[in-house]
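This briefing is meant to be read with the sequence and the 3D view side by side.

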Amino acid sequence: MRWITGMWAEMVKSHQHNFHSKMIYFSLLIWPVLLFLTSYYSLKPFNLEATSPIAEFVDPDSIMLFLLTGFLGYIFFWSLVQSAWQTSYERQTGTLELIFLTPVSRLAFVYGRSAGNLFEAAWLFTVFSVLLLVALGGPQSIIWSALPIAFLILIISAVVWGGFLNVVFLFSRDASILFTILEEPMQFFAGVRLPVAAFPIWGKVIAVVFPLTFVLDIFRGLVIKGQHLSQLSTSLFILAGILIGLIFLTTLLMKLAEKHAKQSGNMVLF
Amino acid sequence: MWLTFRATFIRNFITMKRAYPWSFFVGHILTGVYLTLFAFLTYHYVFDQSMDGQFQSYAETGDYLSYVISGALLYTFSVSLLMIVSRALITELREGTLEALLLTPSSRKGYFLGYLSQGFMRMGIEFIAMLLLGALFGLTFSNVNLLATGTVLAVFITCLFSQALVLGGFMLQFRDTYLTQNTLFILMGLVCSITFPIEYLPQSVQWIGLIMPLTHGIDAFRDVFVEGAGIIAVRESIYWLIGLTIIYFPVGSLFLQRMERTVLEKHFG
């Protein structure tokens, strides 16, 4: 019970912290939409006819649908990078130290941060995506009954990923560079814009590193292709394995980070 | 004026060296590096060099890689320049040195020139790094028209500078850099012919690209640098750039002056 209280408190705090001005809608809706459009038009110079080499993996006519689902997943993951990045403010202003002095569960704090930011950052683009999906292909183009389970998988994966990122930020003040470097490769190799199947073998190897690859595979399978969960079992198993590994790592790193903090001074200065 | 110039230059050089480590530099050229890298992978591995029929006529070149790499090069360049100029005053405000700066009888012109030349030094390093990388991934250097390229860059930089003044005014107005600058940069990525010719966009949106200096800068740069055209061939872009400068420069200067006064009243009473 106390675990839930801690997580809830952190979610409320994140909300109050972020929604103090209407400008936030720029980063919530306008940026993702502009980035999505840029990706769509960036494919235009290529051959998107039926003769295109990519036609083997995805129907060039439904490339918009493919991109939109890709971006939806990406925005969920990306908003958590933003939340993790803001942890460094928390440490600079000294509030992180205060939180660590309270008896609240550290994991509840980390996952509360992650979940709070997720629901705030992603819902607007989600609404946009679903509306656009319907506008593009008509209501029959997506499998509505699969949406809840698809979103559940997406949300759980994103929260676990976000919790992990938050913990990494407890270690160093300058960890943001790591995410700046990793963000775009994740977008490219995880199959947000192009099908992973079309990559050469080394590209597929890189794709395996990112949990988003499997999330997108499952999401598209369920929502666009109308596959059953049983048909996607390989991806589901791998994803579950990665998530469990990440939770384990998060717990471990959390303890290490706190130990490190205790040894090297306080949360603000280390 | 020269004393202030030198002082500002040295101060900023030391700040860059001490307070912002190499990560800052890498972060700046990263977008361009990724644009180049992923365009290369998409072109060679995913689409197997198979292009859309209209690309040639829209882009006026069939060389996709040179097209995107020169786009990425100038995009990185513009983002750096816009950031350096527009953030000058608001950074002083945040670091708490604006009041001191305004109180001293130092020359404002010297300050800005010093600030700029230090910024240009950093941008020069970034530009060369991007050029080398571009060469690695297929940017052609065989046709470069040096004289014309120099002229185009000079006109382009003046125009970008004027746009940066307007941007700086908006930043002081909203007292925010993150949202203001990134909204502009993301928009520029869409409407400035960086990875695809703007002719692909719907007609009703293309005008947004036309009021951005970057669109015309890239157009002209591609012609003189990649295709080796003379300055006469790109005169239309040059006229656009000069026209935009004539509009942006006075608007930006007036806006900044007004904002400076407002900020002073709000912050220091």
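Predicted model: local features only at pLDDT ≥ 70, side-chain atom pairs only at ≥ 80, totals over all residues.

Which helix gives the most to the lining of the largest cavity? The answer is α8(B), with four residues.

**Interface of chain B and chain A**

- The contact draws on 35 residues from chain B and 36 residues from chain A, and the area buried between the two chains is about 3,200 Å².
- Carbon and sulfur atoms give 78% of that buried area, while the search across the interface of chain B and chain A finds zero salt bridges and four residue pairs in polar contact, both residues of each pair being at pLDDT 80 or more.
- On the side of chain B that touches chain A, α2 (22–46) and α9 (178–191) of chain B each supply at least two residues, and the largest share, eleven residues, comes from α2(B).
- Sorted by class, that side of chain B holds 23 nonpolar, nine polar and three charged residues.

**Second largest pocket**

- The second largest pocket has a volume of about 550 Å³ and is lined by 25 residues, of which Tyr58(B), Glu60(B), Glu199(B), Asp219(B) and Ser237(B) are the closest to its centre.
- Two or more lining residues come from each of α3 (55–59), α4 (64–86), α10 (203–210), α11 (213–226) and α12 (235–268) of chain B, and α11(B) gives the most, with seven residues.
- By class, the lining of this pocket has eleven nonpolar, seven polar and seven charged residues.

**Cavities**

- The lining of the largest cavity divides into nine nonpolar, two polar and no charged residues.
- The second largest cavity has a volume of about 50 Å³, and among the residues that line it are Leu68(A), Thr69(A), Ser129(A), Leu147(A), Phe151(A) and Phe219(A).
- For the second largest cavity, at least two lining residues come from each of α3 (63–92), α5 (106–137), α6 (147–171) and α9 (211–223) of chain A, and by class the lining has eight nonpolar, two polar and no charged residues.

**Salt bridges**

- Side chains of opposite charge can pair when their charged atoms come close.
- A search of the whole structure, over all chains, finds three salt bridges, whereas the interface of chain B and chain A has zero.
- In one salt bridge, the side chains of Glu10(A) and Lys13(A) meet at 3.3 Å, N to O.
- Both Glu10(A) and Lys13(A) lie in helix α1 (residues 2–18) of chain A, where they are three residues apart, about one turn of the helix.

How values were computed:
Residues numbered from 1 in each chain as written. Chains lettered and ligands numbered in written order. Heavy atoms only, no water. Contact = heavy atoms within 4.5 Å. Buried area = accessible area lost by both parts, 1.4 Å probe. Salt bridge = Lys/Arg side-chain N within 4 Å of Asp/Glu carboxyl O. Polar contact = N/O pair within 3.5 Å; in protein donor to acceptor, adjacent residues only side chain to side chain. Nonpolar A, V, L, I, M, F, W, Y, C, P; charged D, E, K, R; others polar. 1 Å grid on protein atoms, 1.4 Å probe; cavity = no way out; pocket = protein on both sides within 12 Å on 5 of 7 lines; lining within 4 Å. Points joined across faces, edges and corners; volume = space filled by probe spheres on them.
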